[in-house]
Amino acid sequence: MSEKGRRSPIDRLLAVNAWVIYVFFYAPIALLIVFSFNDNDNVSIWTEPSLRWYRAMLEDDRILGALRNSLIVAFASTIVATIIGTMLAIALERYRFRGHGALDGIAYMPIIIPDVTMGVMLLIFFFQAIGVIEEIFGATFRTGLGTITLAHIAFNISFVAIVVRARLAQFDNSLEEAASDLYASRWATFRRVTLPLIAPGVAGGALLALTLSLDDVVVTQFVSGQGSTTLPVYVFGLVRRGVTPLINAVSTVMLLASMLLVAFSLGLQRSRTRAVEEEDDLSDFVPGSSQGTKTG
Amino acid sequence: MTQQATPELEAAAERAKGWRGFRIALPAYLYLVVFFVVPLLLVLVYSFASRSSTGLTVLADWNLDSYARLFSTEVGRIFLRSLLLALTTTAICLVVCYPFAYFIATRGPTLRNVLLVLVMIPFWSNFLVRTYAWRFILGSDGIVSQISQAFGGEPIRLLFTNTAVLIGMVYGFMPFMVLPLYAAIERLDWNLVDAARDLYASGWEAFRKVTLPLSMPGVVAGSILVFIPSLGAYVTPAILGGARTTLMGDYIVGQFLSARNWPFGSALSIALMALMLIATLIYFRSGARNV
């Protein structure tokens with residue numbers, strides 16, 4: 001601690017390094033946003049501010065169609081992944097059962113594995129699955145919003161589970177035990193005790209899932225079909241061909257939307273309800289409070 | 001009315017509780033098996049499959065041809081380039097982020113939280129758009145070039161070079177390095193550093209012999225978290241790289257979406273995953289040692 005408080009040359013150097021990094025983080029984003037309001041057809045020559053490209057964006061049917069697809073996929077996959085992911089977090093954090101370790105390992109694999117391999121896996125899977133479905137049911141089933149949603153649920157379950165589990169680990173299950181000692185049914189215990197305590201984690205996880213789904217390019221590209229482009233995949237196609245002011249405008253909207261969602265999600269994850277804080281204070285005096293600790 | 005808690009009853013209660021946990025986990029279990037484990041196994045199966053003359057995958061005549069091709073010079077060159085780029089990205093991130101994380105971790109609690117959130121917001125927000133911003137900056141009439149020309153220099157076009165990809169990767173993956181480093185430095189016992197100083201260690205010695213070894217778990221975790229996505233990067237080279245800078249990620253994608261050689265693409269994916277697995281194992285090993 002003795003180093004703190006004094007402004008040593010090293011400390012000043014550290015501060016400079018930090019501010020340079022923040023500029024590095026935010027300058028490209030800021031430039032993109034500023035130039036999306038540029039009136040000029042040429043992306044990088046500034047003439048005067050205008051909303052021209054935002055108007056063009058709102059009149060572009062392909063962009064609006066892709067946005068619609070993105071929103072459908074994001075909301076559908078978030079709802080399903082939040083429910084399944086929360087259940088997974090509760091099961092892994094509060095119970096020990098056969099296959100616990102295996103599930104614990106598999107649950108985090110979709111996060112570690114690179115997007116490209118996840119995309120490849122699901123491409124082959126849907127290709128085979130569609131063949132099997134056609135053979136058995138004779139029904140034709142094609143890749144599209146359905147397969148994209150199924151793929152997004154697959155990676156979002158893991159992210160929701162991580163966020164909710166971190167929240168669950170903040171308090172042990174003595175409150176839940178107290179509720180059941182007072183003859184609350186399991187469902188009532190869940191609804192009245194567990195759910196309110198983990199609600200910020202669940203909401204934070206859901207917002208993160210929504211963000212990841214709205215942002216995903218790689219996995220989506222592999223499992224989308226004709227006419228089922230999402231906004232990032234459509235923009236990715238445009239970006240590979242070149243830089244246009246229109247892309248700047250679309251990018252700005254996508255970026256601000258995702259930053260806003262992330263900021264909300266982080267806020268929720270960091271919020272600590274009074275119940276949890278009291279629980280923290282009590283936890284030292286509750287026997288067996290180490291139950292929430294993870295293995296390994 | 002109340003029964004005596006016998007060991008048998010307790011074991012039965014324990015079993016019932018375990019069974020309940022299993023039922024709660026079941027939807028996730030099934031979902032991950034169907035949409036993750038089965039696809040993973042399918043990739044493995046495909047990597048041994050053969051190919052018809054029209055490029056369709058034939059699930060017969062199992063062979064090791066795709067794996068043999070992994071050892072060709074073409075793949076070797078792409079792999080080496082990816083490895084080098086991933087290692088360079090990791091090294092730059094480590095050197096820049098260690099002092100950065102140290103700075104954040106040694107601020108007061110309020111400022112520390114603000115600084116952390118400022119790292120995490122770009123970290124989770126749209127990766128594609130953040131990479132695209134660099135295309136806008138590094139292009140032949142981009143900001144970098146304009147600044148150079150304003151000072152009477154030549155126009156600089158960094159876009160479509162390895163340097164551009166490197167900048168994009170450092171930019172995209174840096175937060176992966178900051179957060180574990182921060183976590184490791186933040187929970188460091190500063191009394192040990194003070195003790196070293198009291199024993200007449202210079203600032204540098206105290207850092208090298210106390211602070212750095214104690215923050216090693218963060219160094220390892222951060223390096224692997226940057227190394228893994230760098231090695232499999234696809235979006236960054238696709239947007240900022242050129243035709244001569246093919247990396248593992250876009251090479252794999254090419255096998256599926258344009259070359260239509262699924263068995264070879266599968267073998268490449270398996271090889272990439274094997275590398276990730278090794279890196280992850282190193283991560284857990286080092287983590288376990290430092291608990």
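1. Starting with chain A, in what is a predicted model: if you count its contacts between residues with a separation of 6 or more, 79% of them join residues 24 or more positions apart. Of its 296 residues, 43% count as buried.

2. Now chain B. Its secondary structure comes to 13 helices and two strands. Using that separation of 6 or more again, residues 24 or more positions apart make up 69% of the contacts in chain B. The buried share is 45% of 291 residues.

3. What about the overall shape of chain B? The radius of gyration is 25 Å, whereas a compact globule of 291 residues would have one near 19 Å. Taken along the principal axes, the C-alpha atoms fill a box of roughly 85 × 65 × 30 Å.

4. How do the two chains meet? Chain B puts 72 residues into the contact and chain A puts in 70 residues. On the chain B side, helix α1 (residues 7–46) supplies the largest share, 22 residues. Sort that side of chain B by class and you get 52 nonpolar, 13 polar and seven charged residues.

5. Next, the nonpolar core. The largest one has 165 residues, and the residues with the most contacts inside it come from chain A (Leu88(A), Leu122(A) and Ile157(A)) and from chain B (Ala101(B), Val178(B) and Leu181(B)). The element that gives the most to this core is α7(B), with 17 residues.

6. Val178(B) deserves a click in your viewer. Which residues does Val178(B) touch, leaving aside its neighbours within four places in sequence? The partners are Cys97(B), Phe100(B), Ala101(B) and Val119(B). Ala101(B) is itself listed with Val178(B) among the residues with the most contacts inside the largest core.

7. On to a helix pair in chain B. Two packed helices are described by the angle between their axes and the distance between those axes. Here, α3 (residues 73–105) and α10 (residues 216–231) of chain B pack at about 145°, with axes 9 Å apart, and the crossing of α3(B) and α10(B) is right-handed. From α3(B) the contact takes Ser82(B), Leu85(B), Ala86(B), Thr89(B), Thr90(B), Cys93(B), Leu94(B) and Cys97(B). From α10(B) come Val219(B), Gly222(B), Ser223(B), Val226(B), Phe227(B), Ser230(B) and Leu231(B). Split by class, the residues of this contact are nine nonpolar, six polar and no charged.

8. Two backbone spots in chain B are worth a look. Most residues other than glycine have a negative phi. Phe160(B), not a glycine, has a positive phi of about 70°. You'll find Phe160(B) in the loop between α6 (143–150) and α7 (162–186) of chain B. Is Phe160(B) buried or exposed? Buried, because Phe160(B) has 20 C-beta neighbours inside 10 Å, and 20 or more is what the label takes.

9. The other spot is Tyr200(B), again a residue other than glycine, with a positive phi near 65°. Tyr200(B) is in the loop between α8 (190–198) and α9 (203–214) of chain B. Why does Tyr200(B) count as exposed? Because Tyr200(B) has 8 other C-beta atoms within 10 Å, and the cut-off for exposed is 12 or fewer.

How values were computed
Residues numbered from 1 in each chain as written. Chains lettered and ligands numbered in written order. Predicted model: local features only at pLDDT ≥ 70, side-chain atom pairs only at ≥ 80, totals over all residues. Contact = placed C-beta atoms within 7 Å. Helix = DSSP H or I, 4+ residues; strand = E, 2+ residues; numbered from the N terminus. Core = buried A, V, L, I, M, F, W, Y, C linked by C-beta atoms within 7 Å. Axes fitted to C-alpha atoms, helices over the stretch in contact; angles between N-to-C directions. Left-handed = near helix turned anticlockwise from the far one by under 90°. Nonpolar A, V, L, I, M, F, W, Y, C, P; charged D, E, K, R; others polar. Rg over C-alpha atoms; globule rule 2.2 N^0.38 Å.
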